[in-house]
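This report goes through some features of the structure shown below. Please keep the sequence and the model at hand while reading.

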Amino acid sequence: MNHTFTLPNSGHNFDAKASKLGMWLFLYTELLLFGGLFLVYMVYRYLNQEAFLEASYELNVWMGGINTVILLTSSMTIAMSITALQKGDKKLSVTLQWITIAAALAFLVIKYFEWGAKFEHGLFPGMEHYNSLPVGERLYYYLYFFMTGLHALHVIVGGVFIMVVIKKVENGSVNQKRYSLLENSGLYWHLVDLIWIYLFPLFYLIH
Amino acid sequence: MTAATTVEQPNFFQAKRGLFSWIFTLDHKRIGLLYLYSVGSFFLVGLTLGLLMRLELLNPGKDIMEAQTYNQVFTLHGVIMIFLFIIPSIPAVFGNFFLPLMIGTDDVAFPRLNLFSWWLYVLGALFALSTLVFGDGPADTGWTFYAPYSVNTTTNVSLSVMAALVLGFSSILTGLNFIVTIHRLRTPGMGFNQMPLFAWSLYATSWIQLLATPVIGITLLMIFAERTFGVGLFDPSIGGDPILYQHMFWIYSHPAVYIMALPAMGIVSELIPTFAQRTIFGYKAIAYSSMAIAFIGYFVWGHHMFTSGMSGPAAVIFSILTFMVAIPTAIKVFNWVATLYKGSIVIEIPLLFALAFIFNFLIGGLTGLVLGALAADVHVHDTYFVVGHFHYVMFGGTGFAFMGAMHYWFPKIWGKMYNKLWAGIAFAFVFIGFNVLYFPMFILGIMGMPRRYYDYLPEFHPLNMISTYGSWILAAGIVIMIVNLIVSKRKGEKAAANPWNGITLEWQTSSPPPLHNFDKMPELPEGGPYNYPNAKNA
């Protein structure tokens, strides 16, 4: 009887390195997903330089700047929460993760007001004012909504991911010895941060 | 089962029963079979559509369908064959089933993600099929969804691109799973250079799946958004650039050709040493050439666009890079042929498919060089020459490798042997039918017959008739093959665990394999994965 025989290299074993490798590979695909958009942005910025410049004055650098600070800080808190868990301080780790989620919410609220102002000015694709703009400016706003919208979606996914991890830390299935899931949520959060770091100058700062 | 043997483990078919034990299974072997049944069904749908197209082209003028119907049929044929059949075919079916067995483990690294990939595949398939019933019917753009037409047509382009998007994610997750599996789960003692070559080819394929597919995902999302919000990303009448769409489409879709071809080459690299019963010639050359093809394959997309507006220097660079892909491909072919030389060749059906692969792929590959050459491409671009070329590579190559793998691993999957006589007859029909169907297309293309029309000039009539007759021979062969395999699965003779005397690890376990693949530690062959101990020239 060999019922009990299990291979040492079983796919059903817990393997922290495998899950981390899987996460990194997934992040590559995310980068390429946004990479396609960056490519389109680059081409159209080159073709419509004046219009892109004109349209970019419409964005609120202050709101974008505050959001950048918020995201950067939240990247720090999630990194700290990993260290906290590694050192065995479960409570601190959970608190830091909640702070990260609060930052994500703050980011989204500011984003909401930013988008809301654009809607009021009729700048969303399909609105009347939008349709009267020159082609280059329409492209700019379109890419602005597409890229920051997709990014905001990633902020939401990242926030939900961290909430799942909080639950798992609290019930002990993610712990001092087995923290790769928390680490992965951190990696994902850093990606969200990183993409914003490119979006911010591309849309708000280049003048 | 006699009492004298040790109590046998139930095999993976017997371990659990019922529909739910299949569609929610985490077992890589069952997921592989789920893919086999779903991919196989769509192959038959695509095949039927192809037969209908050939029937329409039997005579000039309208035979059985209107021009618009023909446009929708060839689009659906393309979408189904590319996204629902070829891309998932070998990796998702045989990769899932055999990669863990061949590297001596009991599952892929992320079994749940694997099941999720299959579910995404089903969802994507439902999207693709739903185009049939809603609105103006399936898209009529060709599988390339070229803008601006894809933005303006009233047919169901939005649903079709969503289907391709979802199927893309399924493909990404399978690739991700395989890369991690290969890195983390090889049996102790198996380095990268002791891996079977099929695993190597899957490794190269997975990287392409991972790094190219997101680009098409975002591109198709942009088409979707453009149709929904009417923003001119790609439509020039509202400020977009259609050439940009073509670039972004081919940035994925050319590497995707290697997603389809590389696993097939991996299959051939398994079949040839097994049936020549000798060490593969140039193991490392074959392994690394897969990686080389994957790498160079990223930088050749522009050769689809020589006639659509590209600067001279860019065209020359893309052309040179295209020729460079031929080098690692030729390295593989020479190594396969050199492996056969002085081997103890056993002629079995899978070997016939492997040899047919080399024959077809050689024609497909060399005509690809004609298309990659700038001057020649201007002449044959968008003619039947192109149709002939990619069917020789995709069907003659990947399709034949798929059928070869099906026969090669049939006894391992079901523990039965197929009827060899009928398998041989089916092979003859398929091989002859295939060549009769597609070879005339090269001549038609050189003569100037454009592709994607339901009608043609009278001087193209004879060759089109021959081609359509070929499609019937081919279809007959495929029907014989499928019937033979189904009958053999039910009533075939019981097969030995290792009927081909193979030495890769999947042959060390029983057939069908037990739930956890191995009842004892698999033993690596001394001196490399193809080091046949009794080979005359060892």
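## A salt bridge in chain B

B:Glu66 is partly exposed, at a relative accessible area of 43%. Its side chain meets that of B:Lys62 in a salt bridge, with an N to O distance of 3.2 Å. Over all chains, the structure holds 7 salt bridges. The model is a predicted one.

## A salt bridge within chain A

In chain A, the side chains of A:Glu183 and A:Lys20 form a salt bridge, and their closest N and O atoms are 3.2 Å apart. The two residues are 163 residues apart and link distant parts of the chain: A:Lys20 belongs to helix H1 of chain A and A:Glu183 to helix H7 of chain A.

Is A:Glu183 buried or exposed? A:Glu183 has a relative accessibility of 17%, so it counts as buried, the cut-off being under 20%. A:Lys20, in contrast, is partly exposed, with a relative accessible area of 31%.

## The interface of chains A and B

How many residues of chain A are in contact with chain B? There are 38 of them, and they touch 49 residues of chain B. The area buried between the two chains is about 3,600 Å², and carbon and sulfur atoms give 75% of that area.

Across this interface there is 1 salt bridge. It joins A:Asp15 and B:Arg184, with 2.8 Å from N to O. A:Asp15 lies in the segment before H1 of chain A, while B:Arg184 is in helix H6 (residues 157–184) of chain B. B:Arg184 is partly exposed, its relative accessible area being 32%. On the side of chain A that touches chain B, H1 and helix H6 (135–170) of chain A each supply at least two residues. The largest share of that side, 18 residues, comes from H1(A).

## A nonpolar patch on chain A

Which residues form a nonpolar patch on the surface? They are A:Trp24, A:Tyr28, A:Leu31, A:Leu72, A:Leu194, A:Ile197 and A:Tyr198, and together they have about 650 Å² of accessible area. Helix H1 (16–47) and helix H7 (180–205) of chain A are the elements that give two or more residues to the patch.

A:Trp24 is one of the patch residues and is found in helix H1 of chain A. With a relative accessible area of 41%, A:Trp24 is partly exposed.

How values were computed
Residues are numbered from 1 along each chain as its sequence is written. Chains are lettered from A and ligands numbered from 1 in the order in which they are written. This is a predicted model: local features need pLDDT of at least 70, side-chain atom pairs count only at pLDDT 80 or more; totals for chains, interfaces and linings use all residues. Side-chain values use heavy atoms; hydrogens and water are left out. Patches are made of residues with over 30% relative accessible area and no salt bridge: like charges are joined within 9 Å, nonpolar side chains (Val, Leu, Ile, Met, Phe, Trp, Tyr) within 5 Å. Accessible areas come from the Shrake-Rupley method with a 1.4 Å probe; for residues, only the protein chains shown count as cover. A salt bridge is a side-chain nitrogen of Lys or Arg within 4 Å of a carboxyl oxygen of Asp or Glu. Helices (H or I, at least four residues) and strands (E, at least two) are DSSP runs, numbered from the N terminus. Buried means under 20% relative accessible area, exposed over 50%, partly exposed in between (1.4 Å probe, protein chains only). Contact means heavy atoms within 4.5 Å. Buried area is the accessible area (1.4 Å probe) that two parts lose on being put together, summed over both.
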